[in-house]
Amino acid sequence: MRYSHALRKYHNQTHNLLSIGVFALSIISIFSLIFLSRSNYLVLTYDLLISTWRVMLAYLITLPLAVFAVIVITRRKSLEDFFVPILDVSQSIPTFAFLPLMISVYGRGTPTIVAFLIIEMIWPIIFTTLSGIKTVREELNEAAAIFQAKGVKKLIYFTLPALFPSIVTGSIVGWGEAWETIVGAELIVGKNGIGAFIGKTYDSGNTFVFTITVLLLLIFIFTLNRLIWLPLLKRSTQFQTE
Amino acid sequence: MAQLIVKNVSQSYESEEGKVLALKNINLEIKEGEFLALIGPSGCGKSTLLRIIAGLIEPTEGEVLMNGQKVVTTIPSISFIFQNFALFPWLNVFENVAFPLKMLGVKESKIKSQTAEIIKEVGLTGFEKSHPKQLSGGMRQRVGIARALVGDSKIILADEPFSSLDAFTAKTLRDELLKIFKRYKKTIVMVTHLVDEAAYMADRIVVLTPRPGKIEKIIQNKLSRPRNTRDSKFYDLTDELTRIIHP
């Protein structure tokens, strides 16, 4: 038992180290290539960090907003019957249609892109959390009520842990969509960020740097998934009700 | 004086076929320190009645009184043992058992001592850090029993607490629940569909009719404890119960 645990730990650690190693090597080699092609790799790093910061900021706003909305909506059947069809229709409205409106309100900067990302990210988190709240076994809800779980304590010790697996799943989808969206949004809004960088390199006709940048972005997203979301997804199985 | 009174309770619900009457005019008095079994055919509403007593379901008609006070929601003095354990998978054994105390805002030091004592009582010492998924069915129900015991509850409601367990584990846990019943002097109301279980454990057995559930008969179990399931009087009682219950 103890040895199999140690072996598992070793495998996990090796796997993680390998991921980091591959990631680091890729970054170094790509940056070197870019450097050799005289592109400003500092600008690329800055743009990538700006985009990551925007996705993170949007996520930090979206997550509590989506989870809170679901908890409130599902408190009463009448609220749920009223809001769920509205949310269902709203999610199918094409998000990019709002971009000109947002630019006119917030200007061509981070607030526009973050607001835009929130609209994109919120749907998967809302709908997976909504489905998660439905699949919590009725007996668990009854146990929480019997043993006097109420208010903030209920939220901390019952609701959020019960929803953890669906929140993680929704977050993974949300992050994926956010990366897809941010490239498009920054291409259009166009001041800085990885999308803007890709746009500029494409416009300049430097296909080599353009390809390398897209590859770098893919590796970056893959590594974030490998190091953050997959371990969280694995951990969330412990929270799943049978 | 009765500790718990179920007064003219009826329960109906809407279905596609229209209004369905699940329980009809239930009147019952439960005395302090009594072990009462609710038995009846499948679908007779015995689990619904238990949930009405717990304050989980509001009855369509009638009321439940606990020491003269109307039960309108769940209260700390009534706890519950669930058929499928209903343990929180994200909490370990200690945290699951301590859950009611934590929710009631009991001091951390008191939570530790009370929880440790109950865990010892149900024979789970050494498993405090284990999560429900790592435990057998019998051990999970021990956690369920410990959680129902730990607070200041006066009444324990049990919804077919042994039906998810194998026969041997169920037998062991029945005896342990009886020991706890004797030691802690709690009132227990248990739903079961097994006549042997009702005859072995309860002081009184309430037999419900098929839907809509009404009280068919209340039988006083006069067999002395500990009960011998091979005794002819025990067979007489189970035969009588089997005759009364209409499938």
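Before I start, the conventions: residues are numbered from 1 along each chain as its sequence is written, and chains are lettered from A and ligands numbered from 1 in the order in which they are written. Since this is a predicted model, local features need pLDDT of at least 70 and side-chain atom pairs count only at pLDDT 80 or more, while totals for chains, interfaces and linings use all residues, and side-chain values use heavy atoms, with hydrogens and water left out.

How many of the residues of β8(B) are buried? The count is 6 of 6, where buried means under 20% relative accessible area, exposed over 50% and partly exposed in between, with a 1.4 Å probe and protein chains only. In a regular strand the side chains alternate between the two faces of the sheet. In β8(B), B:T187, B:V189 and B:V191 lie on one side and B:I188, B:M190 and B:T192 on the other, and both faces are covered.

As for its partners, β8(B) pairs in the parallel sense with β3(B), residues 35-39, over 5 bridges, and likewise in the parallel sense with β7(B), residues 155-159, over 5 bridges; two strands pair if DSSP finds at least two bridges between them. B:M190 stands opposite B:A37 and also opposite B:A158. Between β7(B) and β8(B) comes helix α5, residues 167-184, and the three make a right-handed β-α-β unit, right-handed meaning that, with the strands pointing away from the viewer, the path from the first strand over the helix to the second runs clockwise.

β3(B) has a further parallel partner in β9(B), with 4 bridges, and here B:A37 stands opposite B:I205. In β9(B), 5 of 5 residues are buried, with B:R204, B:V206 and B:L208 pointing one way and B:I205 and B:V207 the other. β9(B) also pairs with β10(B), this time in the antiparallel sense over 5 bridges, with B:R204 opposite B:Q220, and these two strands form a hairpin with 6 residues between them.

That loop brings me to the backbone. Most residues other than glycine have a negative phi, and most peptide bonds are trans. The bond from B:R211 to B:P212, however, is cis, with omega near -5°, and B:P212 is found in the loop between β9 (204-208) and β10 (215-220). B:N8 is partly exposed at 38% relative accessible area, and B:N25 is partly exposed at 45%.

Turning to the rings, a search of the whole structure finds 15 aromatic pairs over all chains. Rings of Phe, Tyr and Trp (its six-membered ring) pair if their centres lie within 6.5 Å, and planes under 30 degrees apart count as stacked, over 60 as edge-to-face and the rest as tilted. One of the pairs is A:Y59 with A:W229, whose ring centres are 5.7 Å apart and whose planes stand at 80°, so the pair is edge-to-face. Because A:Y59 lies in helix α2(A), residues 41-73, and A:W229 in helix α9(A), residues 207-236, this pair ties together parts that are 170 residues apart in sequence. A:Y59 is buried at 11% relative accessibility, as is A:W229 at 6%. Elsewhere, ring pairs link A:F158, B:F88, B:W90 and B:F99 into a cluster.

Finally, where is the largest share of the lining of the largest pocket found? It comes from α7(A), with 8 residues. Among the other elements that each supply at least two residues is α1 (46-54) of chain B.
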